[in-house]
Amino acid sequence: MAVLAYSLGKREINQHFTIKNAKLISLVVVILLLVLHTASRYYGGGDSCEWLLSRGRFLGENVWQPYGCMMHKYKSTEAQSCLAEKRVAFIGDSRIRQLFYSFIRIIDPERGDDGIKHEDIFFKDERSSVNVDFLWYPEANNSMKDRLMSWTLMSETSAKPDVVILGAATWSIKLHSGSSETLQQYKVNLTAIAIHLAKLADHGEVYWVLQDPVNEEVLSENRKMITNQQLALYNEAAADVLNSSKRNGRSRIKLLAASRQAALETITQSVDGLHLPASTKDVGSMILMNSLCNKLLRPIDGSCCQTLPPPNFLQKLSACFFLGSALVFLVLHVLGNNRHRRPVPPDVESLEERKPATAAVPFGPKVPVHALCRMGIIMAYFYLCDRADVFMKEQKFYTHSTFFIPLVYIFILGVFYSENSKETKLLNREQTDEWKGWMQLVILIYHISGASAFIPVYMHVRVLVAAYLFQTGYGHFSFFWLKGDFGLYRVCQVLFRLNFLVLVLCVVMDRPYQFYYFVPLVTFWFVIIYTTLAMWPQILQKKANSNGIWHFGVFAKLTGLLLFICFFAFSQGLFENIFSMWPISQLFELNGSIHEWWFRWKLDRFAVIHGMVFAFIYLVLQKRQVLSEGKGEALISGKISHVLLFLSVVSFITYSIWASSCKTKTECNEMHPYISVVQILSFILIRNIPGYARSIYSSFFAWFGKISLELFICQYHIWLAADTKGILVLIPGNPSLNIMVSTFIFVCVAHEISLITNDLAQVVIPKDSVALLKRLGAVGLFSLVVLLLSRSNHHTPGP
């Protein structure tokens, strides 16, 4: 009964919740979210600078998250570059002095708190010529006003501060025992001061720091009159006065309130009840640094206070292209060109190994144009998510629960959707799709949770990436060995399916090809595999079966490939010289360097050849009927299967223990290329030696495996944000609901892109060799023109 209920439950879910219905729901959700976010920014205020300064929350200890945007953690070199030749003035009491010390430690981490109390303190960084001064004015009175007025009257702008950060109240409360008359005088004084602050704000940045709370229980007797109620009244007075100095509806004097919000959570850690822990003041100084420098340095993970650049020429051109496709589709629809779309083949969603589809009914012109229209809508969503000020972004923060709890959920779902496999061969299609699927889901959770900070998880995910490349070597070797299809059509089909989405994103999102590192990696290795096996003599299974000596030929080719890999791995200079040559450099450079490509290539350099060798050994043993691949049969009969299974389990666990004991990523990455294959082979044997294990698979994981490449690429911009540095926020204020909604849309988009890629592949890559060569020539000429234009623009001297 339990099994029957289980089967009926799955059938009921699958019947009512189809992928088509899911996509329609996701489209409606996206439209609603666009309307809501646009309205919220228009009517509720969409200034990320205001968000940064006014509110936020702690993600964990000392990790501050501003509302709706990402805060960059500035290094000393960045701070020096931003503030070079500038003057910064901190004016106030001992709490402002704390902020001053925290601020200058960003510029010079070696600087200590060595100033004299109740005196002015001066700091200058000789390298960047930035001057940061602290001026002791503990009360908002005539003395503070006179200092500010002297700056406004100066004719020399070099002597004026470019940035003024000030605040005061506790001394007024302390000296006058918190009297109401003092509060009224505070308002009067601040009104007079605000006039001069507004003038300074015309030529620089002015920040008023709202008063942080105190821990009343541990205040000394001479400070007992400084209560949080009093501080709230003074903050309210300051906000009322300073917000009145507005121009075009925006206050010229910025209120720093977020540091007060941070202090509310950490004031209990204060030693004297008045001065905050250094870590909390560091939050305030980093907020100030982001407010001052983000618009200048434009860090990708500092979305607060940044205005996004307008679209470039290629982005505008791509928009025109997709709009043109929509118009053509509309015309074709009106004219009644409604040729039916051919049925999608069963393996349309798989990766580079998927077979070209055949169709009884050829494509009409409407189908590819319709595919381009759908792609245009999807690319608009990509652009709005990660290149426009529509949706919010937040930074990642790793905790064990954010990684492992989702992991448990997805594996429960994977087990729930277990089914009998149609094939029982080792690494059959359903099993490899399942393998890709669960690996991709783990990688997605790894990325969104920021788990790279935890070395044991990092090393296991490195094995998953190696396993993908292992499958690349295994799949392509098996295809060429068995089919012998080295034709141009097959090559172009694979290259198109691998690269179509990434090439479109390079244009739409204005990112280099190497930015999506995994696609260049698998494309490179496909070309290497093809070249190795296609070069003379071409050795196929049929030829090897007729004469066993050909097996040595395959062995020689694989040995040659191994030597090629080892040669380049130990010749970094030669490697960099080759891949730095134009036009190859256009494909492999990232930020003007090929270091990232070198790192990615070297890290998993043996994974592909491991997969090829495994495929060769397996196919030879299979042909010689050494293996038992019947339903329910152990892969290898006798005691050998038990021994291999035991060794595989031990090896798998041993690798995990080693990965968990790693001290640094550098140390582990050095060993990774040599030992990652141990865990990969262990998994394959554990999964395939028992007959019952080969007879079942998870359709849930297999479904995701068929779109794993699209999932990996799409996550960059519509699940993560800021080019993977942060998290896309569609539902602010509810992280759990936000992840569920953004994941639902993200998966639907990835699935649709896989269908679009399949549709266009059949049109763009014709089977006729002459037509294919003409198209390749046209594409090559167009690519050359684009590369030459980009090169000339790059070398054009500035004015």
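Predicted model: local features only at pLDDT ≥ 70, side-chain atom pairs only at ≥ 80, totals over all residues.
Residues are numbered from 1 along each chain as its sequence is written, and side-chain values use heavy atoms, with hydrogens and water left out. Local features need pLDDT of at least 70 and side-chain atom pairs count only at pLDDT 80 or more, whereas totals for chains, interfaces and linings use all residues.

Helices (H or I, at least four residues) and strands (E, at least two) are DSSP runs, numbered from the N terminus. In helix α6 (residues 142-152), the residues M144, L148, W151 and T152 are buried, that is, under 20% relative accessible area, with exposed being over 50% and partly exposed in between (1.4 Å probe, protein chains only). These residues lie on the same side of α6 because they cover an arc of only 105° around the axis, the arc being that of the directions from the helix axis to the C-beta atoms. An α-helix has 3.6 residues a turn, so residues three or four places apart point the same way. The cover over the buried residues of α6 includes β3 (87-92), β5 (130-136), β6 (163-167) and α8 (180-201). The N-terminal end of α6 is capped by N141, with a side-chain oxygen 3.2 Å from the backbone nitrogen of S143.

Two helix pairs were examined. Axes are lines fitted to C-alpha atoms, for helices over the stretch in contact, and angles run from 0 to 180 degrees between N-to-C directions. Angles under 35 degrees count as roughly parallel, over 145 as roughly antiparallel, 65 to 115 as roughly perpendicular and the rest as oblique. Helix α17 (residues 488-508) packs against helix α29 (residues 708-718) at an angle of about 10°, with the axes 10 Å apart; α17 is therefore roughly parallel to α29. Contact (heavy atoms within 4.5 Å) involves R497, L498, L501, V502 and L505 of α17 and L709, E710, I713, C714 and H717 of α29.

The axes of helix α4 (residues 76-83) and helix α11 (residues 278-297) come within 10 Å and cross at roughly 75°, so the two helices are roughly perpendicular to each other. Here E78, A79, S81, C82 and L83 of α4 meet M289, L292, C293, L296 and L297 of α11.

D604, in the loop between α23 (595-603) and α24 (607-623), is buried at 4% relative accessibility. Leaving aside neighbours within four places in sequence, D604 is in contact with R462, V465, A466, L469 and H672. H333, in helix α12 (residues 313-335), is partly exposed, with a relative accessible area of 44%.

How values were computed. Polar contact = N/O pair within 3.5 Å; in protein donor to acceptor, adjacent residues only side chain to side chain.
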